[in-house]
Protein chains: 2
Amino acid sequence: MSIRHAYVVSDRTGLTAEAMAHSLLSQFPDIRFQTETVPFVDSIERAEELVTKINEATSQSGVRALVFVTLVDDSIRDIINGSNSVVFDLFDTFIGPMEKELAMDSSHSVGKSHGVVDTKAYTSRIGAVNFALQTDDGLETEHYNQAELIIVGVSRCGKTPTSLYLSLQYGIYVSNYPLTDDELNHKRLPDALIRHREKVFGLTIDPFRLLQIRQERYRGDSYSSANACQTEVAQAENIFRTARIPYINTTKMSVEEIGATIMHRSGLHRRI
Amino acid sequence: MSIRHAYVVSDRTGLTAEAMAHSLLSQFPDIRFQTETVPFVDSIERAEELVTKINEATSQSGVRALVFVTLVDDSIRDIINGSNSVVFDLFDTFIGPMEKELAMDSSHSVGKSHGVVDTKAYTSRIGAVNFALQTDDGLETEHYNQAELIIVGVSRCGKTPTSLYLSLQYGIYVSNYPLTDDELNHKRLPDALIRHREKVFGLTIDPFRLLQIRQERYRGDSYSSANACQTEVAQAENIFRTARIPYINTTKMSVEEIGATIMHRSGLHRRI
């Protein structure tokens, strides 16, 4: 397996470029990429330092480094383009055609993606995160009238990370509620949830995967037995079906996918 | 101000495409875009439905809709390309040149970006989120030996969202610790932090912005007085400088920017 250097270069956080580059590179699974993200390349000096680094990587490995850039400033981009590498310009490639279609010059201003100081968006995001923390794991169900979404499932099926992710990424008000043994045995939606049925979304998981997750933290008690996992999951799914609660199986999903799927299926819209 | 329809189309979550499209569109501030993200376009049927929608938008507004796509499957992409719109292919545009440079065909497989089931990555992310929650707001400082980063600052300066964001986005173990009145008056780093000084990172904020944030939740007590905000921020910054703790001013930064800046300045690397 060959090794190839790859750089992700941005004048801001580099998060978007990193995700895009990762997605592109993963289409070449037979090549091992050594990838480095270089954020905040916003000065001639930083750009020149980086070119030195890229050129060294290229001459060391004997093949041109791949460089993925999202840079707004032309002079900085020109410096990177002068490196001994092959540059994929994730941003500027589209600006020309967009200017043509829109019959308008672009503003060429840095930091319009994550950098805008939008006080209202900031406040609603913080509000959403606080709400998710306040109503995590079945806490303070009396605030469910404020919730836009209530995630329900057995212990350790991914409710908390999903709630936090949705509050941070989309700014929506999410609570989560664990189905305990008693509630599972009741075979019906807990009282706290019935009134808010239309906001409830279920998570389920493969019992064997649940067992793995539980055993990583707790050992030897019935909570992390194969039987408990199997029974709880079956009971939870039965409750979802009986109460007609939409639910998804998270076993093969990342938190990003779980989040986007719930947003999509619930018809919720991002607030930030 | 003219209005223009824009669609972000993806066969997966659409998060990356959405961020990239947002970044591109923001370069044209004089146009009001009405943007819709359409995730999980992974079947001929979904693609055809979408084309109908795009064509309606174009004929309604009289100008071609802008369509940003990240689609791996050729047949689905062809359908979208047949719509009455201008398509910006954020993904395929680069695959051809990459295949040429790497002298290799791409795998053309969907879902390599967020979709890989990487059990180890999942576990470390969940572990990181749990750790951030467990050691939020000065809780359980006895676990600081496990922390990779300890975020410090006055109340409501953004510690919790930053910690959760870093744990979810980068999978690193982050704690956060609030500087209370007593500790601020001490003019030195609290005992709980001294032993872990090399992991400590400070957040500061403009006192007026802090006042706004505090007044949104609490009113009338000294905590949310202008004087308290000004004094606390000055004291915190003094402690950072005296103890030689790196710190950043978060007033004009989004959570993404705060996170990426801390990662960058601390030399930390993502674990997921």
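Reply: What follows is a set of questions about a predicted model, with the reasoning behind each answer.

Me: What makes the relation between chain A and chain B a two-fold axis?

Reply: Chain A superposes on chain B by a rotation of 180° with 0.0 Å of shift along the axis.

Me: Which residue of chain A comes closest to the rotation axis?

Reply: Thr16(A), with its C-alpha at 3.0 Å.

Me: How do you know that the copies meet through the same surface?

Reply: Compare the interface residues of the two chains. 100% of those in chain A are also interface residues in chain B, so the copies meet through the same surface.

Me: How many residues of each chain are in contact, and what makes a pair count?

Reply: 53 residues of chain A are in contact with 53 residues of chain B. A pair counts if the C-beta atoms, placed from the backbone, lie within 7 Å.

Me: Which elements of chain A give two or more residues to that side?

Reply: α1 (15-25), β4 (85-89), α4 (92-102), α5 (119-134), α6 (159-170) and α11 (255-266) of chain A. By residue class, this side of chain A divides into 28 nonpolar, 17 polar and eight charged.

Me: Why are β6 and β8 of chain B said to stand at the edges?

Reply: Start with the order. The open sheet of four strands runs β6-β5-β7-β8 in chain B, with parallel pairing. β6 (174-178) and β8 (247-249) of chain B each have a single partner strand, so one side of each is left without a neighbour in the sheet. Neighbouring strands here are turned by 25° against each other on average, direction ignored.

Me: How do you know that β5 and β6 of chain B pair?

Reply: Two strands pair if DSSP finds at least two bridges between them. Strand β5 (residues 149-153) of chain B and β6(B) share five, in the parallel sense. One of the contributing positions is Leu149(B), whose bridge partner in β6(B) is Val174(B).

Me: What lies across these strands, and at what angle to β6(B)?

Reply: Helix α6 (residues 159-170) of chain B lies across β5, β6 and β7 (200-204) of chain B. The helix runs at about 175° to β6(B).

Me: What are the two domains of chain A, and how far apart are their centres?

Reply: The domain assignment gives domain 1 (3-102) and domain 2 (119-266). Their C-alpha centres lie 39 Å apart.

Me: Where in chain A does pLDDT stay under 50?

Reply: Over residues 112-116 of chain A. Where pLDDT is low, the predicted coordinates should not be read in detail. Chain A averages a pLDDT of 90, and 93% of the residues score at least 70. For the complex, the predictor gives an ipTM of 0.80 and a pTM of 0.80.

Note on methods: Residues are numbered from 1 along each chain as its sequence is written. Chains are lettered from A and ligands numbered from 1 in the order in which they are written. This is a predicted model: local features need pLDDT of at least 70, side-chain atom pairs count only at pLDDT 80 or more; totals for chains, interfaces and linings use all residues. Domain bounds come from an automatic or database domain assignment. Two residues are in contact if their C-beta atoms, placed from the backbone, lie within 7 Å. Ala, Val, Leu, Ile, Met, Phe, Trp, Tyr, Cys and Pro count as nonpolar, Asp, Glu, Lys and Arg as charged, and the others, Gly among them, as polar. Copies are superposed by least squares on the C-alpha atoms of residues with pLDDT of at least 70 in both. pLDDT is the predictor's confidence in each residue, from 0 to 100. Axes are lines fitted to C-alpha atoms, for helices over the stretch in contact, and angles run from 0 to 180 degrees between N-to-C directions.
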